[in-house]
Amino acid sequence: MINLLKVLRKIDLQVIDFVNKHRNVFLDDFMLFVTRLGNMGLIWLLIAIILLSNKTYHYYGTELLEAIVIGAIICNLVLKPIFERIRPYDRYPNLTRILPRLNDYSFPSGHTLASFSSATILFQINSVVGILSFSLAFLIAYSRLYLNVHYFTDVFFGMIIGILVSLSIIIF
């Protein structure tokens with residue numbers, strides 16, 4: 001188990017190093033815009049409201065809201081308080097910090113969890129909607145790495161947990 005944690009920590013540091021070597025002003029602005037799309041799951045909540053207002057897609061809107069709420073509870077009320085993982089820009093002060101200091105913990109990434117749980121629900125509508133949703137979810141996840149607010153493992157497990165939350169809603 002200790003060896004696995006060392007490997008994961010090494011991967012986290014390698015990703016931080018890679019991302020920070022490929023920064024530029026355009027990407028700074030673009031990633032800030034992308035990450036803001038995921039703030040509080042607003043883009044996904046907006047899509048849920050649109051779906052809820054349409055009889056044909058009302059069911060998917062309900063599933064989407066369930067996924068966002070359950071994911072937020074698991075992430076913010078259960079996992080973050082348990083793991084209390086300090087954000088990369090706090091642990092490594094030499095990292096660029098574009099966003100204002102955040103007051104919660106790093107693990108798992110809530111933006112990523114909400115994005116991947118939403119994309120999983122939306123994939124049911126059709127594959128084009130699903131691919132577009134997953135593309136946005138990946139961009140939001142990468143923006144969290146780029147902005148040094150999350151480690152790779154925060155984002156990776158946010159993806160996995162988000163997908164599992166939605167699959168459990170779809171199946172049950």
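D90 is partly exposed, with 33% relative accessible area; that label covers values between buried (under 20% relative accessible area) and exposed (over 50%), using a 1.4 Å probe and protein chains only. Before going further, a word on the source: this is a predicted model, where local features need pLDDT of at least 70, side-chain atom pairs count only at pLDDT 80 or more, and totals for chains, interfaces and linings use all residues. Residues are numbered from 1 along each chain as its sequence is written, and side-chain values use heavy atoms, leaving out hydrogens and water.

**Salt bridges**

Which residue does D90 form a salt bridge with? The partner is R101, and the closest N and O atoms are 1.9 Å apart. A salt bridge here is a side-chain nitrogen of Lys or Arg within 4 Å of a carboxyl oxygen of Asp or Glu. Because D90 lies in helix α5 and R101 in the loop between α5 and α6, the pair ties together parts that are eleven residues apart in sequence. Helices are DSSP runs of H or I with at least four residues, numbered from the N terminus. R101 is partly exposed too, with a relative accessible area of 44%.

The structure holds seven salt bridges, including these:

| Pair | N to O distance |
|---|---|
| K21 and D17 | 3.2 Å |
| R85 and D154 | 2.8 Å |

R85 is partly exposed at 22% relative accessibility, whereas D154 is buried at 0%.

K21 and D17 are both in helix α1 (residues 2–21), and they are about one helical turn from each other because they are four residues apart. K21 is exposed, at 61% relative accessible area, while D17 is partly exposed, at 39%.

**Two packed helices**

Helix α6 (residues 110–123) packs against helix α8 (residues 152–171) at an angle of about 35 degrees, with axes 7 Å apart. Axes are lines fitted to C-alpha atoms over the stretch in contact, and angles run from 0 to 180 degrees between N-to-C directions. Among the residues that meet are L113 and F116 in α6, and M159 and I163 in α8; contact means heavy atoms within 4.5 Å. By class, the contact of α6 with α8 has ten nonpolar, seven polar and no charged residues, with Gly counted as polar, and Asp, Glu, Lys and Arg as charged.
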